[in-house]
Amino acid sequence: MEKQLHLNRLSSRPPVPGGGGGFQSGSKMRMGPGRKRDFSPVPWSQYFESMEDVEVEDETSKDTFRIYRSGSEGPVLLLLHGGGHSALSWAVFSAVIFNRISCRVVAMDLRGHGDTKVKNCDDLSAETMAKDIGKVVEALYGENPPPIMMIGHSMGGAIAVHTAAANHVPSLLGLCVIDVVEGTAMDALNSMQNFLRSRPKTFKSVENAIEWSVKSGQIRNIESARVSMIGQVKKCEDPLDSPAISKSIVEGIIEEEEEEEEERESNNKRKKDDDLEVKKECLYTWRIELANTEKYWDGWFRGLSSLFLSCSVPKLLLLAGVDRLDKDLTIGQMQGKFQMQVLPQCGHTVHEDAPEKVAEALATFMVRHKFTEAKGGFQCVFPAC
């Protein structure tokens, strides 16, 4: 099997404290009276030093994985995003953690997500995605990779556990899983399709998508939303592919126009005009149709707690609420098998809603285990866990 790194590198200036662009990282960006909030998108280069496409080749396919990087010294923080998101969901967090500890950051678009291009983008099984992680690490670093701390959110957290359990990353230092546990995840699967159906199918612009993400509470931190949503939506490629226009409706219009009833023709014409008007407005849609990945959900999460506990490396579990703990994890936490920290007043995208708190928890964990050293005056706080 041949794996090679295809450098399609775009350099930018190094991230600066606060995430660049004059923002205060993690702020809710409180605006003065009468001032509108800014929902304009912000480029990745405000938070990462470079972007690369990593090519992984074998006998049957040639896949390209998009990654974003910062840093050249210290352990690698390998960041895996949640379902429907992209590597850009780690942008603000990356800028914060990079200024607190000595580390390198690698955020990766998983298959089927972001700007990663794979031959079989429909295969989102835990086994395939875990193998992807190992292949990308080998393509980047060869047979002697540096120490790696793997960090995953939601689906990405589950894939991180599967990757660690299968030993696809031999230089693994530790594992951090953010807001995903087996019990809660399995319970939520029944209502997931309803949640996905409740989301808008299309947006008039990227700004419109960013505004929706903030006002709906999907991402509570406007700074993160302005860079993260770029990786979640894309331009509609074909009018008939736009979710706003059902192909069956268009075909129905054509069939009905052939009928001779003037009133029906008039109604159809109005409907057609309305659909065309909607099409003009609906320029962006989701990059991945999560509803179509349902057959893989069970495989991501079933048995996750025991798999997490079986990983021999030091482990950190960050949760948005203590109610998310299931029985196996409660027992494991009481036995000291992992460190846990609850970050209240956050939504599910904890690392986007509160990047400073997540960075502080992770930095403290890594310094405590002597994986790295603090920098920039960062003072570690060891929580009682």
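Mentor: A cavity is defined on a 1 Å grid over the protein atoms alone as a set of points where a 1.4 Å probe fits but cannot get out, whereas a pocket is an open set with protein on both sides within 12 Å along at least five of seven lines; lining residues have an atom within 4 Å of a point. Grid points are joined across faces, edges and corners, and a volume is the space filled by probe spheres set on the points. Please keep in mind that this is a predicted model, in which local features need pLDDT of at least 70 and side-chain atom pairs count only at pLDDT 80 or more, while totals for chains, interfaces and linings use all residues. Residues are numbered from 1 along each chain as its sequence is written, and side-chain values use heavy atoms, with hydrogens and water left out.

Trainee: How many cavities of 30 Å³ or more does the structure hold, and which residues line the largest cavity?
Mentor: Rolling a probe the size of a water molecule over the atoms shows where empty space is left. Here there is one cavity of 30 Å³ or more, and the volume of the largest cavity is about 50 Å³. Its lining is made of Val 161, Val 177, Val 180, Val 181, Glu 182, Leu 304, Ser 305, Phe 308, Leu 317 and Leu 329, and helix 10 (residues 304-310) gives the most, with three residues. Helices (H or I, at least four residues) and strands (E, at least two) are DSSP runs, numbered from the N terminus. By class, the lining of this cavity has eight nonpolar residues, one polar and one charged, where Ala, Val, Leu, Ile, Met, Phe, Trp, Tyr, Cys and Pro count as nonpolar, Asp, Glu, Lys and Arg as charged, and the others, Gly among them, as polar.

Trainee: What volume does the largest pocket have, and which element gives the largest share of its lining?
Mentor: The largest pocket holds about 850 Å³ of space and is lined by 34 residues, with Gly 83, Ser 154, Met 192, Phe 195 and His 348 nearest its centre. Helix 4 (182-198) and helix 9 (294-301) are the elements that give two or more residues to this lining, and the largest share, eight residues, comes from helix 4. The classes in the pocket lining are 14 nonpolar, 16 polar and four charged residues.

Trainee: Which way does backbone geometry point at Asp 179, and is that residue buried or exposed?
Mentor: Asp 179 has a positive phi of about 50° although it is not a glycine, and this residue is found in the loop between strand 7 (172-178) and helix 4. Asp 179 counts as buried because its relative accessibility is 5%, the cut-offs being under 20% relative accessible area for buried, over 50% for exposed and in between for partly exposed (1.4 Å probe, protein chains only). Lys 370, in the segment after helix 13 (355-368), also is a residue other than glycine with a positive phi, near 60°, but Lys 370 is exposed, with a relative accessible area of 72%.

Trainee: How should I read aromatic pairs, and how many does the structure hold?
Mentor: A pair of aromatic rings is described by the distance of the centres and the angle of the planes. Rings of Phe, Tyr and Trp (its six-membered ring) pair if their centres lie within 6.5 Å, and planes under 30 degrees apart count as stacked, over 60 as edge-to-face and the rest as tilted. The structure holds nine aromatic pairs. Among them, Trp 90 and Phe 93 are edge-to-face, at 5.6 Å centre to centre with 65° between the planes, and Trp 90 is buried at 0% relative accessibility, as is Phe 93 with a relative accessible area of 0%. Trp 300 and Phe 301 form another edge-to-face pair, at 5.9 Å and 90°, and both of these residues are buried.

Trainee: Where does the charged end of Arg 199 sit?
Mentor: A charge sits over a ring if NZ of Lys or CZ of Arg is within 6 Å of the ring centre and within 35 degrees of the ring normal. The charged end of Arg 199 sits over the ring of Trp 286, 3.8 Å from its centre.
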